[in-house]
Amino acid sequence: MKPSHPEHAAPAHGAAMQQIAPVICYPVDGLPRPDLAPFRAARAGWQKLSETLVPARDARCFDLPAGHFFRITSVEGPQVGDLNLWNAQDLHERFYSGKTRALHGTHLSTGDRMWTAHPYLRPMALITDDSLDWYGFDAFGGAVHDVIGTRCDPYTHNLLSKGGQYHHCCHSNLTRALADARALPLAEAERHVHDVLNVFMCTGFTRDTGQYFMKASPVRPGDYLEFFAEIDLLGALSACPGGDCSSEHSSDSAACHPLLVEVFRPLAPPAGWVSPMVNGYDRSHGRNG
Ligand SMILES: [Zn+2]
């Protein structure tokens, strides 16, 4: 956290430096936003392939075949979810929240894509609808569906609570779900759990200290976030023990609710859609042979 009383005086050029306007790190002009019309047209007549009810303070895995849509829907009460996505054939190719944030900003909505980790770096899912897109950024700088948080985990809880043992953080929920889905030992499954898309969570950074904050999610039963799977995916969703994340997580004190995941098969793939290839970089890293 930046000190409120810095130890070093600003140099002569300090004020001028602070006044320089920022430059966008990754101009996405070379990365055109997808035309959503063919994806939306492909919804007509879609058939539900499966549905999974994720219990409160727990997680479940689900298969998301390439070319299918999936929706995460709030049921029963306000609840946030922590989403992990992997290539169904190779768990090492997983969601890369940091690069997704660098490309699309701190919070995702319709038209944004979720990207896979190096050395694959390709779109794995496209957000095709978001019933909370009306929220935008509030007066505190808060917005919904962030890629700035990590996932609540028992190690951070242990540090901050001076030795606490809590077993239903999203990290542990996702670990158990993946272990069950792929018959993996817990320790091996845990290595595949990664930073999440915080579905429905309302978060930001405080303006004065730059600290990560959360506040009550605006999500209500019936609200949903809809995706299109660009490659064959395995998904895992945890219904966070923070509930609507209005007060605390990493405990059983918050009111928690299940989340519904539905997978839909379109009658035909969206017109013009092709499943993306892995990244085109040659991986020589400047060395020949
Ligand atoms: Zn959580």
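Reply: A residue counts as buried if 20 or more other C-beta atoms, placed from the backbone, lie within 10 Å of its own, as exposed if 12 or fewer do, and as partly exposed in between. By that rule 38% of the 289 residues of the chain are buried. The model is predicted, so local features need pLDDT of at least 70 and side-chain atom pairs count only at pLDDT 80 or more, while totals for chains, interfaces and linings use all residues. Residues are numbered from 1 along each chain as its sequence is written.

The chain has six helices and 13 strands, which are DSSP runs numbered from the N terminus (helices H or I of at least four residues, strands E of at least two). Its C-alpha atoms fill a box of roughly 65 × 50 × 45 Å along the principal axes. Of the contacts in the chain with a separation of 6 or more, 73% join residues 24 or more positions apart, a contact being two C-beta atoms, placed from the backbone, within 7 Å.

Strand β6 (residues 113-115) pairs with β7 in the antiparallel sense over three bridges, and here W115 stands opposite P123. Strand β11 (residues 224-229) also pairs with β7 in the antiparallel sense, over five bridges, with D130 opposite L225; pairing requires that DSSP finds at least two bridges between the strands.

A125 belongs to the largest nonpolar core, which has 59 residues, and A125 and L233 touch the most other members. Such a core is a set of buried Ala, Val, Leu, Ile, Met, Phe, Trp, Tyr and Cys residues joined through C-beta atoms within 7 Å. Leaving out residues up to four places away in sequence, L233 touches M124 and A125, and also L64, L85, W86, N87 and A88. According to an unreviewed UniProt entry, residues 53-234 are annotated as "domain: DUF1989", and over this stretch the chain is 19% helix and 34% strand, with its end C-alpha atoms 16 Å apart.

For comparison elsewhere in the chain, helix α5 (residues 170-182) has buried residues that include C170, H171, L174 and L178. Among the elements that cover the buried residues of α5 are β2 (59-64), β4 (81-87) and β12 (233-239). After α5 comes A183, whose phi is positive, near 50°.

S250, in the loop between β12 and β13, is buried, with 23 other C-beta atoms within 10 Å. Apart from neighbours within four places in sequence, S250 is in contact with C152, H157, Y166, C169 and P241. R265, by contrast, is found in strand β13 (residues 259-265) and is partly exposed, with 14 other C-beta atoms within 10 Å. Not counting residues up to four places away in sequence, R265 touches W46, Q47, L49 and H68. R265 lies 61 Å from A9, C-alpha to C-alpha, and the two are 256 residues apart in sequence.

Terms used. UniProt positions renumbered as here; feature names shortened; annotations may be inferred.
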